[in-house]
Amino acid sequence: MFLNLNGYKSLLLLVAGAKGAIGSTLAAAVTQLKHHPDSVLPYLTTAGKFSGLFPQQAIDLAGWDMAELSMTSAITRHGVLPKTVWEPYQDEIDGITVFSSPGADLGRAAQVQHIMQDMASLKTLFPDALPVFINLLPACAAETPHMPETLAEIMDHPGASEFPDLSYALAAISSRIPVVNFTPNPLECPAIIQHAVKNGVCLAGCDGKTGQTYFKVVLASALKARNLQVDGWYSLNILGNADGKNLMDPERAAGKLANKTHLLDDILGYPVGEKYGTPSHKVHIDYYPPRGDAKEAWDVIDLIGLFGLPMSIRINLQGRDSILAAPMVLDLARWMAALSTSGRKGLIPELGFYFKKPMGDCPPITFQEQLNCLQSLENEYRCSLS
Ligand SMILES: NC(=O)c1ccc[n+]([C@@H]2O[C@H](COP(=O)([O-])OP(=O)(O)OC[C@H]3O[C@@H](n4cnc5c(N)ncnc54)[C@H](O)[C@@H]3O)[C@@H](O)[C@H]2O)c1
């Protein structure tokens with residue numbers, strides 16, 4: 001029998017936003033893992049890692065959503081997956097437990113209570129599984145006017161309907177369940193971090209780094225290593241999924257745009273565009289329905305080399321948002337399981353590889369630093385086994 005120190009035999013993803021584009025892709029992926037692991041495992045960055053935990057394909061999913069439709073109807077609606085991936089397992093996928101989200105009209109305390117009860121019943125349903133909470137809720141208006149410092153302030157915080165993420169995170173941490181924040185929503189407020197540390201719970205975020213920004217980190221790190229000066233960087237995204245539509249609201253897009261923008265200056269070590277007196281790193285997101293989840297991104301990068309001579313690079317990424325995101329969520333859940341069993345708690349900045357805005361003290365900035373941190377974390381996990 002393959003058991004870790006705590007006797008867990010599998011991993012259980014508890015997903016808020018389970019019927020969204022990423023959540024429903026994950027539902028198909030965990031089902032495929034049981035039947036055809038080779039269609040999923042080779043695409044994980046954690047494939048083959050964490051021996052001593054539990055079998056790589058032993059992953060279940062449950063969660064919450066406000067949408068009433070079945071999981072396979074959600075898959076059809078998002079149009080991410082071909083039928084061949086999910087239709088043979090339709091009953092299994094529709095059998096996944098997805099609770100209704102707690103009422104938006106409930107106060108914060110009642111929302112937390114409601115979610116904790118759901119979490120307790122899922123623990124009963126999956127007694128041998130190590131649960132990890134994954135936040136896949138829509139981007140909310142980013143600038144919450146005041147980030148709560150204490151639990152009492154969270155409970156009094158009026159935004160239970162605008163910012164339900166806090167209720168889910170609080171319920172998870174109070175239930176001693178690790179938390180992954182894949183959204184740009186600012187969950188990692190002092191009260192949540194302190195509560196996680198006090199409860200011995202790991203917390204990782206924020207804003208999954210799936211496509212354009214991932215390649216930006218790689219390329220910016222390479223340009224820095226060569227001392228090629230970046231004079232300007234223009235990034236455009238078109239996408240036609242629900243996330244893209246939601247991000248047409250400038251307040252909801254603000255957090256994501258900031259996360260996509262700040263990291264370039266941090267990597268390079270200078271403000272791009274300083275000589276123009278205005279930033280020349282520009283990032284735009286545009287909702288373009290024909291593309292659905294098949295997101296496209298363009299980057300135009302202007303460089304300066306020897307003798308101040310200009311050069312430029314063009315990148316055109318034709319990606320698939322949820323196909324890029326879902327394996328990263330599986331990876332993050334596996335990391336959180338491993339780190340939880342090795343005794344880590346609080347924010348895990350070393351997981352910066354996976355996030356646009358890695359949270360915690362001194363997160364790794366360049367691509368090489370991010371890879372090095374992953375290796376150190378893996379070594380830490382291995383040492384904890386011996
Ligand atoms: N796809 C990517 O590459 C990527 C990268 C980084 C971050 N993200 C973020 O991940 C999140 C999820 O993305 P998505 O494409 O799956 O979004 P989506 O809009 O398709 O899914 C969100 C789901 O959340 C549900 N929901 C809304 N309010 C809820 C509530 N209170 N409780 C429970 N469920 C609720 C919706 O019904 C929907 O099914 C977004 O915040 C997005 O910005 C995505």
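**Notebook: helix pairs, domains and the ligand shell**

I began with helix H9 (residues 212-225) and helix H11 (residues 250-268), which pack at an angle of about 20° with their axes 9 Å apart. That angle makes H9 roughly parallel to H11. My cut-offs: under 35 degrees is roughly parallel, over 145 roughly antiparallel, 65 to 115 roughly perpendicular, and the rest oblique. Axes here are lines fitted to C-alpha atoms, for helices over the stretch in contact, and angles run from 0 to 180 degrees between N-to-C directions. Helices (H or I, at least four residues) and strands (E, at least two) are DSSP runs, numbered from the N terminus.

A reminder to myself: this is a predicted model, where local features need pLDDT of at least 70, side-chain atom pairs count only at pLDDT 80 or more, and totals for chains, interfaces and linings use all residues. Residues are numbered from 1 along each chain as its sequence is written.

Back to the pair: H9 and H11 cross in a right-handed way. I take a crossing as left-handed if the near helix is turned anticlockwise from the far one by less than a right angle, and right-handed if clockwise. From H9, Thr213, Lys216, Val217, Ala220, Ser221 and Lys224 meet Lys260, Leu263, Leu264, Ile267 and Leu268 of H11. Contact means that the C-beta atoms of two residues, placed from the backbone, lie within 7 Å. By class, the contact of H9 with H11 holds 6 nonpolar, 2 polar and 3 charged residues. The classes: Ala, Val, Leu, Ile, Met, Phe, Trp, Tyr, Cys and Pro are nonpolar, Asp, Glu, Lys and Arg are charged, and the others, Gly among them, are polar.

Next I looked up helix H5 (residues 108-125) and helix H7 (residues 165-174), whose axes lie 8 Å apart at an angle of about 50°. That makes H5 oblique to H7. Their crossing is right-handed, and the contact has 8 nonpolar, 3 polar and 1 charged residues.

H1 and helix H2 (residues 71-78) pack at about 120°, with axes 9 Å apart. H1 and H2 are therefore oblique to each other. This crossing is left-handed. Ala21, Ser24, Ala27 and Ala28 in H1 meet Met71, Ala74, Ile75 and His78 in H2; the tally is 6 nonpolar, 2 polar and no charged.

**Domains**

I then checked the division into domain 1 (10-208 + 322-385) and domain 2 (212-318); such bounds come from an automatic or database domain assignment. Their C-alpha centres lie 27 Å apart. At the interface, 22 residues of domain 1 are in contact with 22 of domain 2. The domain 1 side has 11 nonpolar, 7 polar and 4 charged residues.

**Ligand shell**

Which residues are closest to the ligand? Among the 31 that surround it, they are Gly17, Gly20, Ile22, Ser101 and Thr183. (A residue is near a molecule or strand if its C-beta atom, placed from the backbone, lies within 6 Å of it.) H12 gives the largest share of the shell, 4 residues. The shell divides into 16 nonpolar, 10 polar and 5 charged residues, and at least three come from each of domain 1 and domain 2.

Two last notes. The peptide bond from Gly205 to Cys206 is cis, with omega near -5°, and Cys206 sits in the loop between strand E6 (202-205) and H9. Phe50 has a positive phi of about 65° although it is not a glycine; Phe50 belongs to the loop between H1 and E2.
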